[in-house]
Amino acid sequence: MPNFQKNTNFQLKSKRKMFDFKKSEYYSDNKVVRKNLEKGVLGEANNNGEIVVDSKVKPGSKLDKQIQTHEKDHMKRMQSGELGYGDDWVRFRGKTYHRKGGKIKYQGKWLDEGDRSFPWEKLANKAIKNV
């Protein structure tokens, strides 16, 4: 398992930052693109069905496969309705959490997006154990 920096392996993107969002794309196969992401962010799962991997990660490497598996787990849960997000909220298994300024309020505390204590992050991290 890679040594992800705490709180930085998954970042939710606001709808305003999304481009070309079409509802039909949400359920399409997950397109993987490479972009320069913020420092410490290795991957993102976006509402349009796109998975973004940081361009500094070598394509085909073990880390690349782990990032894609992690983000595909988020995407699978988003497509099933188990996980979702908007500009100011994250919903997991029917419970909605406030989201603001790159943080999510969870169990009374504001934590960075991608914090490993979130249940959806625990599940995505579990998915990469055998990669």
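This is a predicted model: local features need pLDDT of at least 70, side-chain atom pairs count only at pLDDT 80 or more; totals for chains, interfaces and linings use all residues.
Helix α2 spans residues 62-80, and helix α3 spans residues 119-127. Their axes come within 8 Å and cross at roughly 130°. The two helices are therefore oblique to each other. The crossing of α2 past α3 is right-handed. On the α2 side, the contact involves Thr69, His70, Asp73, His74 and Arg77. These residues meet Trp120, Glu121, Leu123, Ala124, Asn125 and Ala127 of α3. By class, the residues of this contact comprise 4 nonpolar, 4 polar and 3 charged.

A pair of aromatic rings is described by the distance of the centres and the angle of the planes. The count of aromatic pairs in the model is 5. One of them joins Tyr106 and Phe118 in an edge-to-face arrangement. Their ring centres lie 5.4 Å apart, with 80° between the planes. Tyr106 sits in strand β7 (residues 103-106), while Phe118 sits in the loop between β8 (109-112) and α3, so the pair ties together parts that are 12 residues apart in sequence. Tyr106 and Phe118 are both buried. Phe118 pairs with Trp120 as well, and this pair is stacked. Here the centre-to-centre distance is 4.7 Å, and the planes are 10° apart. Trp120 is buried, as is Phe118.

Gln68 is located in helix α2. Its relative accessible area is 16%, under the 20% limit, so Gln68 counts as buried. Not counting residues up to four places away in sequence, Gln68 touches Val32, Arg34, Ile51 and Val53.

Met75 is likewise found in helix α2. Its relative accessibility is 0%, so Met75 is buried. With neighbours within four places in sequence left aside, Met75 is in contact with Asn30, Ala45, Asn46, Gly49, Glu50 and Ile51. Met75 and Asn48 are 27 residues apart in sequence. In space, their C-alpha atoms are 9.7 Å apart.

Definitions and conventions: Residues are numbered from 1 along each chain as its sequence is written. Side-chain values use heavy atoms; hydrogens and water are left out. Axes are lines fitted to C-alpha atoms, for helices over the stretch in contact, and angles run from 0 to 180 degrees between N-to-C directions. Helices (H or I, at least four residues) and strands (E, at least two) are DSSP runs, numbered from the N terminus. Angles under 35 degrees count as roughly parallel, over 145 as roughly antiparallel, 65 to 115 as roughly perpendicular and the rest as oblique. A crossing is left-handed if the near helix is turned anticlockwise from the far one by less than a right angle, and right-handed if clockwise. Contact means heavy atoms within 4.5 Å. Ala, Val, Leu, Ile, Met, Phe, Trp, Tyr, Cys and Pro count as nonpolar, Asp, Glu, Lys and Arg as charged, and the others, Gly among them, as polar. Rings of Phe, Tyr and Trp (its six-membered ring) pair if their centres lie within 6.5 Å; planes under 30 degrees apart count as stacked, over 60 as edge-to-face and the rest as tilted. Buried means under 20% relative accessible area, exposed over 50%, partly exposed in between (1.4 Å probe, protein chains only).
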